[in-house]
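The sequence and structure are shown here for reference.

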Amino acid sequence: MAVQTTASSAAASTVTAVTASSASPSVDLGPAAALSCRECGHRVPLGPVFACEECFGPLEVAYDFSGYDAEELRRRIEAGPANIWRYAPLLPVPADVAGKPNLNPGWTQLVKADNLARELGVTGGLYVKDDSGNPTHSFKDRVVAQALEAARAFGFTTLSCSSTGNLAGAVGAAAARAGLRSCVFIPHDLEQGKVVMAAVYGGDLVGIEGTYDDVNRFCSELIGDPAGEGWGFVNVNLRPYYAEGSKTLAYEICEQLGWRLPDQIVVPIASGSQLTKIDKGLRELIALGLVEDRPYKIFGAQAEGCSPVSAAFKAGHDVVRPQKPDTIAKSLAIGNPADGPYVLDIARRTGGAVEDVTDAQIVDAIRLLARTEGIFAETAGGVTVGVTRKLIENGVLDPTLTTVVLNTGDGLKTLDAVAGTGPTAVIRPTLDSFREAGLA
Ligand SMILES: *Cc1c(COP(=O)(O)O)cnc(C)c1O
């Protein structure tokens with residue numbers, strides 16, 4: 001996988017109104033060689049830029065993986081730390097990354113979900129990749145860890161983001177550990193659990209009167225303004241690096257399956273970034289010879305109340321029409337998902353699908369996962385489990401194949417979703433009272 005680094009001019013990044021001066025060749029981001037446009041393939045040097053100067057397409061990290069021997073790489077990974085840095089040779093981070101103060105996320109449990117499999121009629125092996133086990137209890141720690149390294153490399157002193165909740169907490173915590181300032185932006189009406197998690201790490205938290213899409217638009221304006229100078233927005237001007245963190249989910253799933261591709265993966269969609277990078281990670285493992293090349297299908301999961309990608313998939317469209325979100329799955333409530341069209345491509349190319357479930361089905365699925373596997377998922381996990389159930393019922397997902405379902409967040413942050421869950425009985429502290437309750 002040799003990568004041609006066409007060292008183009010330093011003016012490469014002016015399109016985003018961020019100076020390209022920090023994109024010097026001395027930037028050490030390990031095997032990352034350049035940024036390349038996902039639309040036209042145009043290459044620019046590594047820097048805090050995210051849009052192509054030629055066609056305004058999104059930029060992504062391109063690597064030089066030449067010189068990697070599959071056996072040696074596998075041994076090196078297996079001897080690495082029990083966190084995402086075991087995959088440092090495949091990420092846009094310096095070689096000594098594991099020694100720097102950071103949250104060391106990842107290497108979360110891949111739970112063999114036999115009880116859930118019985119309930120859903122899956123016979124080919126069902127697994128839950130449980131990312132609630134990350135330091136701030138969502139998958140976002142993976143992506144923020146990459147953005148933090150890019151922020152360090154480019155000399156940013158404030159870490160920022162637009163967030164549907166989980167990202168704000170992950171950025172606050174990462175900045176605290178790294179000794180950076182943080183200032184994060186969220187819609188003002190998020191769940192209490194998300195707000196507290198975002199605020200407790202001591203950075204600045206700003207609630208914006210509007211939807212996530214309004215928050216995101218505001219952040220894009222701030223980047224172009226002197227008020228945002230020196231700020232690294234993990235999911236805006238650092239987005240190419242941030243997005244690479246989701247590849248670690250693909251790497252871990254395959255390694256935990258014994259260096260084997262799963263047949264089917266069910267992934268939640270907010271912006272769609274995670275899903276597209278899981279696909280990128282799987283393709284890299286195949287190209288590097290770390291897993292055997294065989295077909296896999298990727299399924300996308302949304303809430304009905306915010307289902308722009310699912311609606312486009314079902315209608316056979318290539319473009320995604322924005323929606324105004326109204327769902328309890330607030331972490332996935334992005335009405336205008338940046339990676340929507342790429343998600344459609346991947347679902348269609350791999351033979352997968354994109355499906356959605358109602359809020360009631362999300363709650364049912366949260367309870368189902370909790371009661372069968374002892375995993376308390378946030379609403380996003382209810383979305384993936386609910387969609388898995390629906391896809392099996394509709395004959396779209398094959399229950400005889402190995403299937404991995406992602407749980408990307410912790411139920412403690414979205415307690416309202418299961419409000420009304422409480423004690424089976426309240427009794428006096430006497431045996432008589434206990435017998436009367438009929439639980440003996
Ligand atoms: C952010 C988030 C996702 C996915 O986000 P993408 O923008 O699609 O990458 C999934 N689950 C949870 C809980 C999240 O917070």
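## Strand β13 and its partners

Valine 405 in β13 is the bridge partner of valine 266. This pair belongs to the parallel pairing of β13 with strand β10 (residues 264-268), which extends over three bridges. The model described here is a predicted one. Strand β13 also pairs with strand β5 (residues 126-130), again in the parallel sense, and here the pairing runs over five bridges; within β13, asparagine 407 stands opposite aspartate 130.

How many of the five residues of β13 are buried? Five of the five residues in this strand, which spans residues 403-407, are buried, so β13 is largely enclosed by the rest of the structure. In a regular strand, side chains alternate between the two faces of the sheet. In β13, Thr403, Val405 and Asn407 point one way, whereas Val404 and Leu406 point the other way, and all of these residues are buried.

## Packing of helices α8 and α9

Helix α8 (residues 247-256) packs against helix α9 (residues 273-288) at an angle of about 50°, and their axes are 7 Å apart. Because angles from 65 to 115 degrees count as roughly perpendicular and those under 35 degrees as roughly parallel, α8 is oblique to α9. The crossing of these two helices is right-handed.

On the α8 side, the contact is made by Lys247, Leu249, Ala250, Tyr251 and Cys254, while α9 contributes Gln274, Lys277, Ile278, Lys280, Gly281, Leu282, Glu284 and Leu285. Sorted by class, the contact of α8 with α9 has seven nonpolar, two polar and four charged residues.

## Valine 320, a loop residue

Valine 320 is found in the loop between α10 (308-315) and α11 (340-350). Is valine 320 buried or exposed? Its relative accessible area is 14%, and because buried means under 20%, valine 320 is buried.

Leaving aside residues up to four places away in sequence, valine 320 touches Pro308, Val309, Ala312, Pro337, Gly340, Pro341 and Leu344. Glycine 305 is 15 residues from valine 320 along the chain, and the C-alpha atoms of the two are separated by 15 Å.

## Alanine 176, a helix residue

Alanine 176 lies in helix α4 (residues 166-178) and is partly exposed, with a relative accessible area of 44%. Computed along the sequence, alanine 176 and glycine 340 are 164 residues apart, and in space they are 32 Å apart, C-alpha to C-alpha.

Methods
Residues numbered from 1 in each chain as written. Predicted model: local features only at pLDDT ≥ 70, side-chain atom pairs only at ≥ 80, totals over all residues. Heavy atoms only, no water. Buried < 20%, exposed > 50% of the residue type's maximum accessible area, 1.4 Å probe, protein only. Helix = DSSP H or I, 4+ residues; strand = E, 2+ residues; numbered from the N terminus. Pairing = 2+ DSSP bridges. Axes fitted to C-alpha atoms, helices over the stretch in contact; angles between N-to-C directions. Parallel < 35°, antiparallel > 145°, perpendicular 65-115°, else oblique. Left-handed = near helix turned anticlockwise from the far one by under 90°. Contact = heavy atoms within 4.5 Å. Nonpolar A, V, L, I, M, F, W, Y, C, P; charged D, E, K, R; others polar.
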